[in-house]
Amino acid sequence: MPATNIGGWIRTGVWTLPVYGLLTFWATFTHEPNRHTQVEAYARYISTTNYLAQHLLGSILGAILAVFGAITLGVYLASSRSDRLALLAMVFSVAGHCLVLTIFGFSTIISPVIGRLYLAGQPGTMEVNEAIFSSPAFIFLVVPGLLLYVVGTILFDVAIWRSGTLPT
Amino acid sequence: VLHAPTGLLIAAGVQIGWAQTLGSALVVLAGGWIAWSVMRQPSSQLGAEAQPRVR
């Protein structure tokens, strides 16, 4: 592939990083009430259209853009002296985002239903919610996902610093 | 430098809500800075090393 094509792809793809940040900022600007102490407020919060939009656009679309951003940054750094570190950072970041995406899927599809059912007079649905949050599958997805994401971010920073191609 | 703590802050946001907001604000700044720096580089430099070199 001609270098000019790769350059164009990198120039476009790298903008997914700040857009991902903007979407995440919007999605996390309001915080959900404590689900243990403010159960009804929590149920109302997760039943709103705003919550659904924040998870669909902010969290899910944001994570998709973050994956594109990680791949772009990896490709950009592939021709630098920190190529191996960039590859590792890209793999860790993409894997982390993919694992966390499964949780965003739960929050987008299941949580609003749980909130609505609770408000409709079925308090047992909150126990289902708690059972999901404390299930081994949930923990096995969240913990490695977040760890991979954190390590991927740090590795990218070291790769950028070592590459000397971007001002730090 | 701005990008370094973003992963930790966003991950910590699972327990501490404001950490995610702060982390994502830093992603906007750091990501914007990275994108702007890449845009300033000549197109010929981007991905150029991936091409076979002719001596």
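Is A:Arg35 buried, partly exposed or exposed? A:Arg35 counts as partly exposed, because its relative accessibility is 24%. The scale runs as follows: buried is under 20% relative accessible area, exposed is over 50%, and partly exposed is in between, with a 1.4 Å probe and protein chains only.

This is a predicted model, in which local features need pLDDT of at least 70 and side-chain atom pairs count only at pLDDT 80 or more, while totals for chains, interfaces and linings use all residues. Residues are numbered from 1 along each chain as its sequence is written, chains are lettered from A and ligands numbered from 1 in the order in which they are written, and side-chain values use heavy atoms, leaving out hydrogens and water.

Stay with A:Arg35. A:Arg35 forms a salt bridge with A:Glu130, and the closest N and O atoms are 2.5 Å apart. A salt bridge here is a side-chain nitrogen of Lys or Arg within 4 Å of a carboxyl oxygen of Asp or Glu. A:Glu130 belongs to helix α6 of chain A and A:Arg35 to the loop between α2 and α3, so the pair ties together parts that are 95 residues apart in sequence. Helices are DSSP runs (H or I, at least four residues), as are strands (E, at least two), numbered from the N terminus. A:Glu130 is partly exposed, at 27% relative accessibility.

A:Arg35 has another partner. Its charged end sits over the ring of A:Phe133, 4.1 Å from the ring centre. For this, NZ of Lys or CZ of Arg must be within 6 Å of the ring centre and within 35 degrees of the ring normal.

Over all chains, the structure holds 2 salt bridges. A:Arg44 and A:Glu40 meet in a salt bridge at 2.8 Å, N to O. These residues are 4 apart in helix α3 of chain A, which means a separation of about one helical turn. An α-helix has 3.6 residues a turn, so residues three or four places apart point the same way. A:Arg44 is partly exposed at 48%, and A:Glu40 is partly exposed at 44%.

Now the rings. The structure holds 6 aromatic pairs over all chains. One of them joins A:Tyr45 and A:Tyr51, edge-to-face, at 5.8 Å centre to centre with 75 degrees between the planes. Rings of Phe, Tyr and Trp (its six-membered ring) pair if their centres lie within 6.5 Å; planes under 30 degrees apart are stacked, over 60 edge-to-face, and the rest tilted. A:Tyr45 is buried at 17%. A:Tyr51 is buried at 3%.

A:Phe106 and A:Phe133 also pair edge-to-face, because their centres are 5.5 Å apart and their planes stand at 85 degrees. The pair links distant parts of the chain: A:Phe106 is in helix α5 (residues 83–119) and A:Phe133 in helix α6 (residues 124–133) of chain A, 27 residues apart. A:Phe106 and A:Phe133 are buried. With A:Phe138, they form one aromatic cluster.

Turn to chain B. B:Thr21 lies in helix α2 (residues 17–40) of chain B. B:Thr21 is buried, with a relative accessible area of 11%. A polar atom of its side chain lies 2.8 Å from the backbone oxygen of A:Thr28. B:Thr21 touches A:Phe25, A:Thr28, A:Phe29 and A:His31, not counting residues up to four places away in sequence; contact means heavy atoms within 4.5 Å.

How values were computed
A polar contact is a pair of N or O atoms within 3.5 Å; within protein, one must be able to donate a hydrogen and the other to accept it, and residues adjacent in sequence count only if both atoms are side-chain atoms.
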